[in-house]
Amino acid sequence: MNIQGFNQHNTTVTIAVNIRDFENLILSELEGLIENIIKKRLFLNISARSRAGAEISDYLEDEFVKHTAKHRYFFDSEASPKGATKNPWDVKTKFKLKSHIEEIWIDFKSMKISGLDSNPDIGTPDKIMNFIKAGNFYLIYIYVYYQEKGKGLEFVKHEGKYTKPYFLKDISPTFRRNPKNQLQVNFSEPPQYRTREEFVKLLIHKIKESHIRQIKISEKKLKEIDSKERELLEINKKTESDVVKKI
């Protein structure tokens, strides 16, 4: 889209175009970086039947830090502490374009090529809301694909690519919040571009939807409990009477 074609006073449109270009640059740089890391070492001596996802993530985190030590855009990269499964990010990095510096959180998602129809937890809504409150926005999922090979595993392509990075803000609209306060989305669902404002509205909508579902489930359960109480009291009255008669 040609920015020059817009009226110079139409600042809303101009900002949106610039931000989308900025986001596309982040994604393209990440995709190229992770592809380079994967191509340098397609085979890993990690059992595909154990905690493969965590070990693949550890490997990619360390390599990401190494490869961004002197990067054109990324700097000050930090891998999550080893064994810290509750850490809000796998890698925290900064992206600099001109005078702007953006903090970015990265979450690696390793997908066994034979199990692309799963629905993994992808973090709590509280995490992203707190991230936004702190003046940030870009939490990025980076999908990588693998299959078992001998006693280890190898990275493989899916739909012609070794990796697929996308922003949480562009997550498939099919995502939901579950009762454990975790966001979930099917691995196979493609992302869908939306503005930052649209994402905030969608996220809040999904959270509200989830709580409404929980309220309805609880209301149904409360009615069932009332019915159970009456049933148990009636049964107890009869059995207690039988006991009294027999003693």
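In this note, contact means heavy atoms within 4.5 Å.

1. Ground rules. This is a predicted model, in which local features need pLDDT of at least 70 and side-chain atom pairs count only at pLDDT 80 or more, while totals for chains, interfaces and linings use all residues. Residues are numbered from 1 along each chain as its sequence is written, and side-chain values use heavy atoms, with hydrogens and water left out.

2. Pro120. Helices (H or I, at least four residues) and strands (E, at least two) are DSSP runs, numbered from the N terminus. Setting aside neighbours within four places in sequence, Pro120 has contacts with Leu183, Gln184, Val185 and Phe187. Pro120 and Leu44 are 76 residues apart along the chain, and 23 Å separates their C-alpha atoms.

3. A nonpolar core is a set of buried Ala, Val, Leu, Ile, Met, Phe, Trp, Tyr and Cys residues joined through side-chain atoms within 4.5 Å. Buried means under 20% relative accessible area, exposed over 50%, and partly exposed in between (1.4 Å probe, protein chains only). The largest such core has 56 residues, of which Ile56 and Phe155 touch the most other members. Helix 1 (residues 11-40) gives the most to this core, with 9 residues.

4. Rolling a probe the size of a water molecule over the atoms shows where empty space is left. A pocket is an open set of points on a 1 Å grid over the protein atoms alone, where a 1.4 Å probe fits, with protein on both sides within 12 Å along at least five of seven lines; lining residues have an atom within 4 Å of a point. Grid points are joined across faces, edges and corners, and a volume is the space filled by probe spheres set on the points. The largest pocket holds about 830 Å³ of space. It is lined by 29 residues, and those closest to its centre are Thr85, Asn87, Asp90, Asp107 and Lys109. The largest share, 6 residues, comes from helix 2. By type, the lining divides into 9 nonpolar, 10 polar and 10 charged residues (Ala, Val, Leu, Ile, Met, Phe, Trp, Tyr, Cys and Pro count as nonpolar, Asp, Glu, Lys and Arg as charged, and the others, Gly among them, as polar).

5. Side chains of opposite charge can pair when their charged atoms come close. A salt bridge is a side-chain nitrogen of Lys or Arg within 4 Å of a carboxyl oxygen of Asp or Glu, and the model has 16 of them by this rule. Lys82 forms one with Asp58, with the closest N and O atoms 3.9 Å apart. This pair links distant parts of the chain, 24 residues apart: Lys82 is in the loop between strand 2 (74-79) and strand 3 (91-97), and Asp58 is in helix 2. Lys82 also forms a salt bridge with Asp62, where the closest N and O atoms are 3.0 Å apart. Asp62 is in helix 2 as well, 20 residues from Lys82. Through shared partners, salt bridges join Asp58, Glu61, Asp62 and Lys82 into one network. Lys82 is partly exposed because its relative accessibility is 47%.

6. Lys109. This residue of strand 4 forms a salt bridge with Asp107, with 3.7 Å between the closest N and O atoms. Both Lys109 and Asp107 are buried. Not counting residues up to four places away in sequence, Lys109 touches Asp121, Ile122, Tyr141, Ile142, Tyr143, Val144 and Phe187.

7. Two backbone angles. Most residues other than glycine have a negative phi, and most peptide bonds are trans. Glu159 has a positive phi, near 55°, and is placed in the loop between strand 6 (152-155) and strand 7 (163-167). Phi of Asn181 is positive too, near 65°, and Asn181 sits in the loop between strand 8 (176-177) and strand 9 (183-184). Are these residues buried or exposed? Glu159 is exposed, because its relative accessible area is 72%, whereas Asn181, at 18% relative accessibility, counts as buried.
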